[in-house]
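Below are some comments for a colleague who has the model open. They are set out as numbered points, so that each can be checked against the coordinates in turn.

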Amino acid sequence: MCDLVARTGRHQQRYDAGCRLVAGCIPFRYRDSDVSGNSNSEKIVEVLMINSTSGPGLLFPKGGWENDETVQEAAVREAIEEAGVRGELMDFLGYYPFKSKTHQDEFCPEGSCKAAMFALLVKEELESWPEQSTRNRTWLTVPEALDRCRHPWMRDALENGFSKWHAGKDISEQH
C-alpha cells in the first residue's frame, strides 16, 4: 500500500487566459551499452513512459499545476504520483500547447492546455506509488519512445526539447 496520495479535483488548478496550465517531465536514466560492466562503455539514454488510462500509446507524467506550488514542484509531484519515480529536476525544456478532450471545463471550455516540461534525472524508482494500480512504467530508448508516444506534443517535447537539450550536456557531469 502506498502512503502517498495523488491530488485530485480541479479547485486549485491554475489557468491563464482560458488555458489550463500543466506541468510535467521526461524522466530519464543512463544505461551502459556494454553488458560486461566496463565503466568506459558508452551510456545509453532511456526515458520512462507510462501507459495512458484512456487509450493506446504511452505518455510522460504530467498534470495540473496547482495554486499552492511552483511549476517545478508540480512536475516533481506528477512524476511521483503517476510514474513512481524521484530524482533531480534538471532544465526546463519548454512550453508545449495541446488540446485536451477530457479536461474541458467552465474555465477552459475548449480544452486548451499549456504544458511546462522538464528533464528529470531519475535517482529512485518507488515500489509503490499513488497511481500504480492504473499505471505501468516502461523504460525505452529515445527512438523507441518517439515511436510509442501517444500525443504529437509529447513527441515534440522529446525530440525538440529533451533530445536537443541532452545533446548539449556532458554525460560525465551528470553521474
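**Notes on the predicted model**

1. In the hairpin of E3 and E4, where 6 residues lie between the strands, glycine 55 takes a positive phi near 155°. The model is a predicted one, and the angle should be read as a computed value. Strand E3 (residues 43-51) and strand E4 (residues 58-59) run antiparallel and are joined by 2 bridges, with asparagine 51 standing opposite leucine 58 in E4.

2. E3 also pairs with other strands. Strand E2 (residues 19-32) is joined to E3 by 5 bridges, the two running antiparallel, and phenylalanine 28 stands opposite valine 47 in E3. With strand E8 (residues 137-141), E3 pairs in the antiparallel sense over 5 bridges, and here isoleucine 50 has arginine 137 of E8 as its bridge partner. E3 is mostly covered, given that 7 of its 9 residues are buried.

3. The largest nonpolar core has 47 residues, and those with the most contacts inside it are Ile26, Phe28, Val47, Phe60, Met117, Leu158 and Phe162. Strand E7 (residues 112-125) supplies the largest share of this core, namely 9 residues. In soluble globular proteins, nonpolar side chains tend to be buried together.

4. Leaving aside its neighbours within four places in sequence, methionine 117 is in contact with Gly24, Cys25, Ile26, Phe60, Phe92, Leu93, Gly94, Tyr96, Trp153 and Ala157.

5. Which aromatic residues does the cluster of ring pairs bring together? The cluster links Phe28, Tyr30, Phe162 and Trp165, and the structure as a whole holds 8 aromatic pairs. One of these is formed by phenylalanine 28 and tyrosine 30, an edge-to-face pair at 5.7 Å centre to centre with 90° between the planes; phenylalanine 28 and tyrosine 30 are both buried.

6. Helix H3 (residues 152-167) has a length that agrees with expectation, because its 16 residues at 1.5 Å a residue should span 22 Å and its end C-alpha atoms are 21 Å apart. An α-helix has 3.6 residues a turn, so residues three or four places apart point the same way.

7. The C-alpha atoms of proline 152 and phenylalanine 98 are separated by 8.9 Å, although the two residues are 54 residues apart along the chain.

8. For helix H1 (residues 71-83), the 13 residues should span 18 Å at 1.5 Å a residue, and the end C-alpha atoms are 18 Å apart, which agrees. H1 is mostly covered, with 10 of its 13 residues buried, including Arg77, Glu78, Glu81 and Glu82 as well as Val71 and Ile80. The buried residues of H1 pack against E2, E3, strand E5 (62-64), strand E6 (85-99), E7 and E8. Just after H1, glycine 84 takes a positive phi of about 65°.

Methods. Residues numbered from 1 in each chain as written. Predicted model: local features only at pLDDT ≥ 70, side-chain atom pairs only at ≥ 80, totals over all residues. Heavy atoms only, no water. Helix = DSSP H or I, 4+ residues; strand = E, 2+ residues; numbered from the N terminus. Expected span 1.5 Å × (residues − 1). Core = buried A, V, L, I, M, F, W, Y, C linked by side-chain atoms within 4.5 Å. Buried < 20%, exposed > 50% of the residue type's maximum accessible area, 1.4 Å probe, protein only. Contact = heavy atoms within 4.5 Å. Pairing = 2+ DSSP bridges. Phe/Tyr/Trp six-rings, centres within 6.5 Å; stacked < 30°, edge-to-face > 60°.
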